[in-house]
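Colleague: I have a few quick questions about this one. Can you put it on the screen?

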Amino acid sequence: MFSSDGIRVGTVSTVLADDADDIFEGIVISAASSEEDLGERFVDAELVSSIFERGVELSIDAGLVDELPPPKDNSLAEEIGSRDIGGGRSTSVFSRAWKRITGNY
């Protein structure tokens, strides 16, 4: 997970999505600054600039990551994990995103 100014700000914990409606809600990250562990933070989909094979780029700079809210329970979202990839399921945009984030193709 990288900020818009290229600083590593944490790692992806969970991709939140409503797979049935093909809606990407955002990402929960384990955030860290150079000084401290910031715990889990919710990154709204609008703040995700790009998803790459081995990383995610945010549209905000590193200084704003500590202002991100902690994740909330969201009954409309579901966690997309490696268990949801493959097994005959049709490949949704979220499955493809999870594959790119984790490097599991």
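Colleague: Which residue is the bridge partner of Phe 52 in strand 5?

Modeller: That is Gly 55. Keep in mind that this is a predicted model.

Colleague: And how do strand 4 and strand 5 pair, parallel or antiparallel?

Modeller: Antiparallel, over four bridges. Strand 4 covers residues 48–52, and a hairpin of two residues joins strand 4 to strand 5.

Colleague: How many residues lie between strand 1 and strand 2 in their hairpin?

Modeller: Four. The two strands pair in the antiparallel sense over eight bridges. As one example of who faces whom, Thr 11 is opposite Ser 30 in strand 2.

Colleague: What is the phi of Asp 22?

Modeller: Positive, about 55°, although Asp 22 is not a glycine. Asp 22 is found in the loop between strand 1 and strand 2.

Colleague: New topic. How many residues has the largest nonpolar core?

Modeller: It has 13. Those with the most contacts inside this core are Met 1, Ile 27, Ile 29, Val 43, Leu 58 and Val 65.

Colleague: Which strands each supply at least two residues of this core?

Modeller: Strand 2, strand 3 and strand 5 do. Strand 2 gives the most, with three residues. As general background, nonpolar side chains tend to be buried together in soluble globular proteins.

Colleague: What is Ile 29 in contact with, leaving aside its neighbours within four places in sequence?

Modeller: The list includes Met 1, Val 43 and Val 65. Thr 11, Val 12 and Ser 13 are also among the contacts of Ile 29, and so are Gly 39, Glu 40 and Arg 41.

Colleague: Where does Gly 39 lie?

Modeller: In strand 3. Not counting residues up to four places away in sequence, Gly 39 touches Ile 29, Ser 30 and Ala 31. Gly 39 and Asp 66 are 27 residues apart in sequence, and their C-alpha atoms are 9.3 Å apart in space.

Colleague: Why is Gly 39 counted as partly exposed?

Modeller: Because Gly 39 has a relative accessibility of 29%.

Colleague: What percentage of the protein chain is made up of buried residues?

Modeller: Buried residues make up 37% of the 105 residues. The accessible surface is about 6,100 Å², and 47% of that belongs to carbon and sulfur atoms.

Colleague: Now confidence. What is the mean pLDDT of the protein chain?

Modeller: The mean is 77, with 67% of the residues at 70 or more.

Colleague: Which elements have the lowest and the highest mean pLDDT?

Modeller: Strand 6, residues 78–80, has the lowest at 48, and strand 5 has the highest at 92.

Colleague: Over which residues is the pLDDT below 50?

Modeller: Residues 75–91. Beyond near neighbours in sequence, that stretch has 30 contacts in the model. Where pLDDT is low, the predicted coordinates should not be read in detail.

Note on methods: Residues are numbered from 1 along each chain as its sequence is written. This is a predicted model: local features need pLDDT of at least 70, side-chain atom pairs count only at pLDDT 80 or more; totals for chains, interfaces and linings use all residues. Side-chain values use heavy atoms; hydrogens and water are left out. A nonpolar core is a set of buried Ala, Val, Leu, Ile, Met, Phe, Trp, Tyr and Cys residues joined through side-chain atoms within 4.5 Å. Buried means under 20% relative accessible area, exposed over 50%, partly exposed in between (1.4 Å probe, protein chains only). Contact means heavy atoms within 4.5 Å. pLDDT is the predictor's confidence in each residue, from 0 to 100. Accessible areas come from the Shrake-Rupley method with a 1.4 Å probe; for residues, only the protein chains shown count as cover. Two strands pair if DSSP finds at least two bridges between them.
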